[in-house]
Amino acid sequence: MANVLLKNITKIFPPSASKNPDSDAANPAAPDPATPNLRSPDLRGPDSNQPVLDNINLTINNGEFMVLVGPSGCGKSTLLRLISGLETLTSGDIQIGDRTVSTLPPKQRDIAMVFQSYALYPHLTVYDNLAFGLRRTLPTASYDTSSDTITRPNRVESTLVGLTRNLPKPLRYESQTERTIAKRIRSVAKMLQIEPLLNRLPKQLSGGQKQRVALGRAMARNPQVFLMDEPLSNLDAKLRTETRTQIVSLQRQLGTTTIYVTHDQTEAMTMGDRIAVMNQGKIQQVAPPLELYRQPANRFVAAFIGSPPMNFLPVTVRAQQLVHERFTLALPQIWQSAIAPYSNQPLTLGIRPEHIAIGQTPTAIPALVTQYEALGSETFATLTLETTLPTELSQLPANPLQIRVPADQPIERGSILQISFPPEKIHLFDTQTEQAIRP
Ligand SMILES: Nc1ncnc2c1ncn2[C@@H]1O[C@H](COP(=O)(O)OP(=O)(O)OP(=O)(O)O)[C@@H](O)[C@H]1O
Ligand SMILES: [Mg+2]
């Protein structure tokens with residue numbers, strides 16, 4: 001266990017660099033994080049000298065589960081690969097515990113990485129896949145089983161292992177290292193419920209089982225830090241939900257500092273102690289899940305966290321009111337000083353689908369139901385506010401709004417709902433900078 005410190009991290013790829021496979025599904029031949037692989041040139045590659053990561057500063061606390069979330073191409077995998085040592089920094093520093101590891105090779109960083117592609121050795125059994133990392137880090141040393149620590153190489157043992165290597169398995173001499181490895185593998189296999197699979201080859205496993213073996217391989221190494229790059233995205237929805245719960249509880253049990261990459265905001269919200277939201281190589285906000293949901297720092301975070309995303313409407317500030325072309329919203333007193341500088345200026349009003357109120361009230365406005373999705377437990381409807389405009393104007397692009405409707409409320413396409421925006425639930429953003437304005 002250790003904390004991880006990322007200081008002023010910048011990464012610029014040289015124009016001709018080719019990408020390494022990590023999260024790509026078609027990557028069965030990348031079995032170990034310590035072995036960088038070449039990948040074909042990436043068409044999404046940045047312009048030369050354009051930072052893929054731009055001055056990243058982040059502290060991941062000892063034992064914390066930190067999620068990096070952001071859209072495809074924002075630099076999540078690159079950041080993870082820099083921490084693991086599979087990529088080199090352009091500038092900045094990485095510290096794990098009290099060691100600066102920026103220039104150390106992956107093997108010496110005491111991390112274990114889990115990839116989306118599982119990256120298991122196809123010709124090794126599950127047992128040997130789990131043992132692989134341990135044997136690599138402890139090639140000749142022997143282990144003290146009671147204290148679980150390495151002791152100096154034992155010549156007698158090595159000779160016995162060599163002499164009995166070609167005998168049938170029950171007659172072979174098993175070194176103390178192998179016995180300790182076996183002990184560790186059995187305990188990890190038990191935790192992940194993969195004991196019955198230890199003698200199988202990866203091709204004899206389901207996707208979920210492969211995923212657990214990949215996780216087990218990382219756990220068996222008992223590293224200071226786990227790095228996980230979209231490890232669940234090859235699983236079907238049900239298994240993904242189950243496995244994410246399992247990963248979180250294993251991480252709690254082990255207490256190993258974990259950095260987990262995903263582009264799925266639900267995964268981020270349900271797994272992270274804290275979440276770092278990234279966009280275009282920059283960290284937008286770092287906060288616990290509910291703080292991100294309740295107090296997004298900017299429009300990007302507001303739109304990214306929450307599903308369906310927050311609605312945004314252009315408004316103008318007039319006195320203590322927000323004026324939209326279809327409605328006027330009086331703001332409570334607490335907003336007074338925050339919106340004072342925006343008098344007669346445009347602002348962006350944000351409201352989440354689940355916060356729009358339905359029902360006839362003095363301030364309600366009519367909205368036309370254009371689409372809806374009934375999920376059983378709830379319904380999401382798309383509304384437009386253009387219903388009362390003259391016909392020629394109704395051809396203008398509408399202001400579609402997503403709204404959550406209680407499951408038992410009847411709803412029809414073409415019907416009108418009376419909606420209102422509870423002032424205590426609204427968010428405001430500077431239209432130019434997109435930064436949140438707080439009351
Ligand atoms: N080796 C490389 N050479 C050149 N460009 C690269 C290389 N690796 C990554 N990039 C570029 O850096 C940017 C960030 O890539 P990265 O793989 O980190 O994104 P990501 O956030 O993990 O995306 P995804 O969710 O799709 O996995 C992309 O524009 C990508 O094309
Ligand atoms: Mg990635």
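Which residue with a positive phi follows α5? The tour comes to that residue at its last stop.

This is a predicted model, in which local features need pLDDT of at least 70, side-chain atom pairs count only at pLDDT 80 or more, and totals for chains, interfaces and linings use all residues. Residues are numbered from 1 along each chain as its sequence is written, and chains are lettered from A and ligands numbered from 1 in the order in which they are written.

Select the sheet first. It is open and mixed, with six strands in the order β6-β9-β10-β3-β11-β12. Strands here are DSSP E runs of at least two residues, helices are H or I runs of at least four, both numbered from the N terminus; two strands pair if DSSP finds at least two bridges between them.

Next, go to the edges: β6 (111-114) and β12 (282-287) each have a single partner strand, so one side of each lacks a neighbour in the sheet.

Now select 225-229 and 257-262. These are β9 and β10, which run parallel and are joined by five bridges. Leu227 stands opposite Ile259 in β10.

Finally, step past the end of α5 to Asn222, which follows the helix and has a positive phi near 50°.
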